[in-house]
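Biologist: Before we talk, could you put the sequence and the model up for both of us? I would then like to ask about a few places, one after another.

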Amino acid sequence: MAGRETLTPAEFDFIRGLIRDYAGIVIGENKRSMVQGRITRRMRELGIRDVGEYLDYIRTAPEIERDGLASALTTNVTAFFREIHHFEYLTTQFLPSLRGRGLRRIRAWSAGCSSGEEAYSIAITLMEGLGDEKGWDIGVLATDLDFNMIRFAREGVYPLERVGRLPPEQLKRWFLRGGGSQDGRVMVRPELKRIVRVMPLNLLEEWPMSGPFDVIFCRNVFIYFDRDVKARIVDRYAELLPVGGLLFIGHSESLHGLTDRFELIGGTIYRKKQ
Ligand SMILES: C[S@@+](CC[C@H](N)C(=O)[O-])C[C@H]1O[C@@H](n2cnc3c(N)ncnc32)[C@H](O)[C@@H]1O
C-alpha cells in the first residue's frame, strides 16, 4: 500500500517547532512547500514511505534524526570568495595591523561553513598575506551543524565550476587538478588543508573551543535565527574575540539593536569595542 507523503498542518508545525528548538532555524508559515519537498526527499533517503512513520521515527530516535532533519532543511548555498570585499579588508587592513603590532599568530573561525568554501577562502587569504613570512602560526576553524556539509568540507574536493572564477595562478597554487575518477574536480592542496580544522558544531549548543579568535565569519547564518538567538550568539562571539577582533556577517544581515559590544566598520564588518 502506498504511504501518505503530504504533511498535515499539525505535522508541519511539529517539524517547524523541532528545528527551531534544535537549531534555532525559524521556518515561516509560507515555507510549507519547501518543507514538504525536503521531507519527501529525506523519507526517500531513509526508505520510509509514510510521513506518519517518519514522524514516529523522529519521536523515537530524536538524537539521531534531528541531525538528518536539520541537514534536509538547511540551505547550504556558498561560494569561494563570496562577498570578496571581506577578504580584501583582511588583506589590506587587518593583516597589516596585526603585523604592525608584532603578532605572529592568527586564528579565524568560519561558523556555519557549509561545504567549506568560506573557510578555505579565509585560509588562502591568510596564507597569501602572511604565509611567506617566517614564523606565522595560522589556524582556521570551520564548523557547521550539517554533517553532510562537514564531510564535504573535510574532503575539500570541489567540482571545477565552483573554482571557475578564481584567478588561474591562485587556482594552481592552492588546488590540485583531479584525474581519472576525479576528472572535472579539484582538491584543496594539503598545505592549505593542514591549517583548516573542520568539525561539527550546533551554534545553539556548547562550544568546546575557548578561543581567542582574531576573526569570526558568520555569514548568511543569522538569516535563519530569531532576534534572541542572534543576540545570544553575538554575545558569545564577543567573548571569544579580543578588542579590535572582527566579526563578518552576510550582506543582508545586521547587528543593529542586538549588541553594543561591536562597532560597524562598513560592508557588514564589525569590530569588537573596548
Ligand atoms: C547559507 S549557508 C552559509 C555558508 C557560508 N557561511 C557563506 O556565507 O557562504 C548557512 C549554513 O549555516 C548552517 N547552520 C544553520 N543553522 C545552524 C546552527 N544552529 N549551527 C551551526 N550551523 C548552522 C547551515 O547548515 C548552512 O550550512
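## Questions about the model

Modeller: Please keep in mind that this is a predicted model. E118 is found in helix 6, which runs over residues 117-130.

Biologist: Is E118 buried or exposed there?

Modeller: The relative accessible area of E118 is 4%. A residue counts as buried when that value is under 20%. E118 therefore belongs to the class called buried.

Biologist: Which residues does E118 touch, if those up to four places away in sequence are not counted?

Modeller: With those neighbours left out, the list for E118 includes F87, S110, A111 and G112, and also F217 and R219. Two further contacts of E118 are T78 and A79. The contact with T78 can be read from the other end as well, since T78, leaving aside its neighbours within four places, is in contact with S114, S115, E117 and E118. The names asked for are thus T78, A79, F87, S110, A111, G112, F217 and R219.

Biologist: Where in the chain is T78 placed?

Modeller: T78 sits between two helices, helix 4 (62-73) and helix 5 (84-100). The place of T78 is the loop between helix 4 and helix 5.

Biologist: Which residues does UniProt list under "binding site"?

Modeller: The UniProt entry is an unreviewed one, and its annotations may be inferred rather than shown by experiment. Under "binding site" that entry lists N76, T78, R82, E118, D144, N202, L203, R219 and N220.

Biologist: Why do these residues not all gather at one spot?

Modeller: They span 145 residues in sequence.

Biologist: Into which domains is the protein chain divided, and how far apart do their C-alpha centres lie?

Modeller: The assignment gives domain 1 as residues 9-73 and domain 2 as residues 84-272. Their contact takes eleven residues from domain 1 and ten residues from domain 2. The C-alpha centres of domain 1 and domain 2 lie apart by 29 Å.

Biologist: How many salt bridges does the rule find across the interface of domain 1 and domain 2?

Modeller: Between them, domain 1 and domain 2 bury about 890 Å², and 57% of this area is on carbon and sulfur atoms. Across that interface, the number of salt bridges found by the rule is one.

Biologist: What is the N to O distance in the salt bridge of E65 and R42, and why does this pair tie together separate parts of the chain?

Modeller: E65 lies in helix 4 whereas R42 lies in helix 2 (residues 32-46), so the pair ties together parts that are 23 residues apart in sequence. Both side chains belong to buried residues, E65 as well as R42. The N to O distance in their salt bridge is 2.8 Å.

Biologist: What is the omega of the peptide bond from G211 to P212?

Modeller: P212 is placed in the loop between strand 6 (196-200) and strand 7 (215-218). The peptide bond from G211 to P212 is cis, and its omega is near -5°.

Biologist: What is the phi of F81, and what is that of E83?

Modeller: F81 is found in the loop between helix 4 and helix 5, and E83 lies in that loop too. F81 is buried, with a relative accessible area of 13%, and E83 is buried, with a relative accessible area of 13%. Although F81 is not a glycine, its phi is positive, at about 50°, while E83, also a residue other than glycine, has a positive phi near 55°.

Conventions. Residues are numbered from 1 along each chain as its sequence is written. This is a predicted model: local features need pLDDT of at least 70, side-chain atom pairs count only at pLDDT 80 or more; totals for chains, interfaces and linings use all residues. Side-chain values use heavy atoms; hydrogens and water are left out. Helices (H or I, at least four residues) and strands (E, at least two) are DSSP runs, numbered from the N terminus. Contact means heavy atoms within 4.5 Å. Buried means under 20% relative accessible area, exposed over 50%, partly exposed in between (1.4 Å probe, protein chains only). Domain bounds come from an automatic or database domain assignment. Buried area is the accessible area (1.4 Å probe) that two parts lose on being put together, summed over both. A salt bridge is a side-chain nitrogen of Lys or Arg within 4 Å of a carboxyl oxygen of Asp or Glu.
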